[in-house]
Amino acid sequence: MGKLDGRVVLITGAARGQGEQEARLFAAEGAQVVLADVLDEQGEAVAKEIGDGAIYVHLDVSQEDQWQAAVATAKGAFGKIDGLINNAGILRFNAIVDTPLEEFMTVVQVNQVGAFLGIKTVAPVIGEAGGGTIVNTASYTGLTGMGAVGTYAATKHAIVGLTRVAALELAGMKIRVNAVCPGSIDTPMANPSQLDPDVDAEEMSAALDELYGKLVPMGRIGKAREVADLALFLSGPDSTYITGQPFVIDGGWLAGVSVI
Ligand code: NAD
């Protein structure tokens with residue numbers, strides 16, 4: 001018996017990183033999974049590797065018509081959707097005073113509008129299925145500040161707010177809505193060297209551990225699979241009385257500062 005037997009879960013940003021690990025784990029736990037992304041080749045390849053019970057759809061989360069098309073494809077393939085992971089996201093580094101409005105709006109459009117459109121489009125479909133779960137991907141910068149990521153942090157704070165309101169509004173439809181708030185996770189977003197074939201992955205991993213050893217009480221960067229485990233907990237039968245909450249997964253980074 002899998003923890004998600006009989007479930008159909010749509011996961012955005014599933015071509016790589018945390019979304020990919022969520023798709024693989026959810027499928028292993030019995031769910032049928034709809035992988036959505038703009039990286040079509042990679043997304044198709046992951047869905048093919050997962051095999052039966054997985055499909056890939058092209059979905060730019062900032063585009064409402066593409067959400068409707070993706071939902072129609074998912075329902076056509078699996079008959080329903082009863083889980084959504086709003087995972088797709090982008091990051092830009094800039095001081096607030098140096099950030100062009102266009103850059104700010106690009107990040108808002110993907111991270112914040114994408115999560116809004118996901119909830120707006122998919123919640124009624126989950127309701128039709130008799131209820132289910134939504135997990136939004138915020139960040140630990142959704143709960144605290146970090147220099148040089150003002151645009152990103154603003155959208156992640158917005159996702160925490162959206163999560164709370166959606167939980168209030170959707171509880172009557174038996175839909176639970178929670179947010180994951182990862183610290184630094186070893187994916188191409190936090191470690192772009194993963195995408196560079198000339199970089200030695202082990203050396204880079206050791207360098208990251210050294211860096212995070214200074215920042216994070218647990219002394220290391222997080223793994224995408226660890227976030228997938230949290231998303232599984234929030235989507236599955238072990239969290240049935242939990243809704244409207246942000247869950248920090250950061251190796252203790254937000255716990256406070258050490259003075260000695
Ligand atoms: P990643 O860059 O490896 O994955 C992000 C995925 O989102 C990619 O597959 C990308 O193609 C997809 N994507 C980007 N724009 C899209 C769009 N418009 N429509 C659909 N898909 C789109 O990074 P990740 O770490 O796996 O990121 C997953 C989520 O976790 C993001 O929301 C990110 O903000 C959040 N997060 C990451 C970290 C970290 O340290 N890696 C920390 C906190 C939160």
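Visitor: Which domains does the shell around the ligand draw residues from?
Guide: The shell takes at least three residues from each of domain 1 (8–183 + 225–249) and domain 2 (186–221). Keep in mind that this is a predicted model.

Visitor: Okay, and which helices each supply at least two residues of that shell?
Guide: Two to look for are α1 (17–28) and α5 (150–170), as each gives at least two residues to the shell around the ligand.

Visitor: Which of the 28 residues around the ligand come nearest?
Guide: Those would be Asp37, Asn87, Tyr152, Ile185 and Thr187.

Visitor: Let's talk polar atoms. How far is aspartate 37 from an oxygen atom of the ligand?
Guide: A polar atom in the side chain of aspartate 37 is 2.6 Å from a ligand oxygen atom.

Visitor: What about lysine 156 and aspartate 60?
Guide: Lysine 156 has a polar side-chain atom 3.0 Å from an oxygen atom of the ligand. For aspartate 60, an N or O atom of the side chain lies 3.0 Å from a nitrogen atom of the ligand.

Visitor: And how much of the ligand's accessible area does the protein cover?
Guide: On its own the ligand has 830 Å² of accessible area, and the protein covers 94% of that.

Visitor: Last one: where does the ligand sit?
Guide: You'll find the ligand in the largest pocket.

Conventions. Residues are numbered from 1 along each chain as its sequence is written. This is a predicted model: local features need pLDDT of at least 70, side-chain atom pairs count only at pLDDT 80 or more; totals for chains, interfaces and linings use all residues. Side-chain values use heavy atoms; hydrogens and water are left out. A residue is near a molecule or strand if one of its heavy atoms lies within 4 Å of it. A polar contact is a pair of N or O atoms within 3.5 Å; within protein, one must be able to donate a hydrogen and the other to accept it, and residues adjacent in sequence count only if both atoms are side-chain atoms. Accessible areas come from the Shrake-Rupley method with a 1.4 Å probe; for residues, only the protein chains shown count as cover. On a 1 Å grid over the protein atoms alone, a cavity is a set of points where a 1.4 Å probe fits but cannot get out, and a pocket is an open set with protein on both sides within 12 Å along at least five of seven lines; lining residues have an atom within 4 Å of a point. A molecule sits in a cavity or pocket if more than half of its atoms lie within 2 Å of its grid points. Helices (H or I, at least four residues) and strands (E, at least two) are DSSP runs, numbered from the N terminus. Domain bounds come from an automatic or database domain assignment.
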